[in-house]
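Colleague: Could you take me closely through the nonpolar core of this predicted model, and then say what lies outside that core in the way of charged pairs?

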Amino acid sequence: MRCSSQTCFTIGASRPAPGWLPAQHAALPAGGRIYLHELLIADGGVGPPTPAAFAMLMLTATRGSQFTFGELKTLLQDAGFVDAAVTSTYGYYSLIRAVKR
């Protein structure tokens with residue numbers, strides 16, 4: 001996680017510890033943005049094959065897993081962020097962004 005005065009950015013959130021997103025929310029000023037670069041699972045939790053295989057690796061190696069965009073959006077909203085959006089970046093990766101109001 002890297003944060004500046006207006007932005008927090010992370011790659012691979014993979015089931016962060018409780019309180020992680022609220023702490024990022026508290027660290028940002030109003031209008032600050034958070035960016036998550038993630039390998040997303042399809043809505044419904046099944047596939048595509050590459051993210052699903054990575055989710056299995058995360059589960060067995062670290063007890064973590066990958067998210068759907070809907071799951072991340074809910075986590076971000078629960079932490080106080082708004083306007084969550086997703087943009088496909090490269091391969092199966094996506095950039096998720098949200099704003100602190």
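**The nonpolar core and a salt bridge**

Modeller: In this predicted model, the largest nonpolar core has 15 residues, and those with the most contacts inside it are Ile34, Leu36, Leu76, Phe81 and Ile96. In soluble globular proteins, nonpolar side chains tend to be buried together.

Turning to charged pairs, the count comes to 1 salt bridge, which Asp83 forms with Arg101, their closest N and O atoms being 2.5 Å apart. The pair links distant parts of the chain, with Asp83 lying in strand S4 (residues 81–88) and Arg101 in the segment after strand S5 (93–100), 18 residues apart. Asp83 is partly exposed, because its relative accessible area of 48% falls between the 20% and 50% limits, whereas Arg101, with a relative accessible area of 62%, counts as exposed because that class begins over 50%. Side chains of opposite charge can pair when their charged atoms come close.

As to confidence, the mean pLDDT of the protein is 79, and 74% of its residues reach 70 or more.

Note on methods
Residues are numbered from 1 along each chain as its sequence is written. This is a predicted model: local features need pLDDT of at least 70, side-chain atom pairs count only at pLDDT 80 or more; totals for chains, interfaces and linings use all residues. Side-chain values use heavy atoms; hydrogens and water are left out. A salt bridge is a side-chain nitrogen of Lys or Arg within 4 Å of a carboxyl oxygen of Asp or Glu. Helices (H or I, at least four residues) and strands (E, at least two) are DSSP runs, numbered from the N terminus. Buried means under 20% relative accessible area, exposed over 50%, partly exposed in between (1.4 Å probe, protein chains only). A nonpolar core is a set of buried Ala, Val, Leu, Ile, Met, Phe, Trp, Tyr and Cys residues joined through side-chain atoms within 4.5 Å. pLDDT is the predictor's confidence in each residue, from 0 to 100.
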